[in-house]
Amino acid sequence: MRNLKRFAALLTAAALSLIISAVAFAAESDTGFADVGADAWYAGAAAYCRDNGLMSGTSGTTFSPDTNMTRGMLSTVLYRVAGSPSLENENLGYPFSDVPGDSWYADGVYWARLEGIVGGYGDNQFGPNDPVTREQLAAILWRYSGSPAAEAGEDFADESTIASWAASAVDWAQANGYVNGVGNDRFDPSGTATRAQVAVILMRYTESQTEPAPDPVPTPEPEAGTDVLVAYFSATGNTENIAEH
């Protein structure tokens, strides 16, 4: 009897394991990531960023959507958005003591600093593993876009808590629909941005930068019975006589 109960318990455990594996496989087969369900609000953005080489997974099968986006990650992502420009002709003297030259984010951080997109904290510190705040995200994306002017929209309920250096960037991000509020009419400038949120923002941004080519203007056909002027040019000097005939 005891052996029968043990056998039944083993069967139950095996069945549960198969169910969990099947669920994970279904999610992965839908989105490519085991931790991104097909019905997740960020599913399309995660797949878009992966397919366009903007954001990789945190492993072969995971995206880690709820993990905070770090400064090193974001610098690297924007470096990819820019097409990973060559740095071979630059002086690769990495200026930050907390950014090793052989780290996976070193080129992105160095490029972002060269372009004036992401600066350090002082004391030779960059904070590559620090979470990106929402106002930092808006400012970094704004600088990447060339710091364009934008009219201020309606103030957020927590407008007074937005840093002065990020105010124009937040106005721009709000006006273009890249970074919206978090509810209750708040922007939450000091709140952190997750990888899922950044994936959605990047998809909105990159899609807005890709404008379809205009349709070619068709050459109108002459209407039936319409006289068409044909000009003749001659190298013999008698162009006028030819045109008159």
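Buried means under 20% relative accessible area, exposed means over 50%, and partly exposed is in between, with a 1.4 Å probe and protein chains only. Keep those cut-offs in mind on this tour.

This is a predicted model, in which local features need pLDDT of at least 70, side-chain atom pairs count only at pLDDT 80 or more, and totals for chains, interfaces and linings use all residues. Residues are numbered from 1 along each chain as its sequence is written, and side-chain values use heavy atoms, with hydrogens and water left out.

**Stop 1: helix 5**

Select residues 134-144. This is helix 5. Helices here are DSSP runs (H or I, at least four residues), numbered from the N terminus. Nine of the eleven residues in helix 5 are buried. Among them are Arg134, Glu135 and Trp142.

Step past the end of helix 5 to Gly146. Its phi is positive, near 95 degrees.

**Stop 2: the cavity**

Which residues line the largest cavity? Select Leu74, Leu78, Leu137, Ile140, Leu141, Val198, Ile201 and Leu202. A cavity is a set of points on a 1 Å grid over the protein atoms alone where a 1.4 Å probe fits but cannot get out; lining residues have an atom within 4 Å of a point.

The structure holds one cavity of 30 Å³ or more. Helix 3, helix 5 and helix 7 each supply at least two lining residues. The lining has eight nonpolar residues, no polar and no charged ones. Nonpolar covers Ala, Val, Leu, Ile, Met, Phe, Trp, Tyr, Cys and Pro; charged covers Asp, Glu, Lys and Arg; the others, Gly among them, are polar.

**Stop 3: two loop residues**

Select Asn124, in the loop between helix 4 (106-114) and helix 5. Asn124 is not a glycine, yet its phi is positive, about 60 degrees. Is Asn124 buried or partly exposed? At 48% relative accessibility, it is partly exposed.

Next, pick Asp185, in the loop between helix 6 and helix 7. Asp185 also has a positive phi of about 60 degrees without being a glycine. Its relative accessibility is 48%, so Asp185 counts as partly exposed.

**Stop 4: the salt bridge**

Finish at Arg50 and Asp51. Their side chains meet in a salt bridge at 2.9 Å, N to O. The term means a side-chain nitrogen of Lys or Arg within 4 Å of a carboxyl oxygen of Asp or Glu. The structure holds one. Arg50 is partly exposed at 30%, while Asp51 is exposed at 57%.

Methods: On a 1 Å grid over the protein atoms alone, a cavity is a set of points where a 1.4 Å probe fits but cannot get out, and a pocket is an open set with protein on both sides within 12 Å along at least five of seven lines; lining residues have an atom within 4 Å of a point. Grid points are joined across faces, edges and corners, and a volume is the space filled by probe spheres set on the points.
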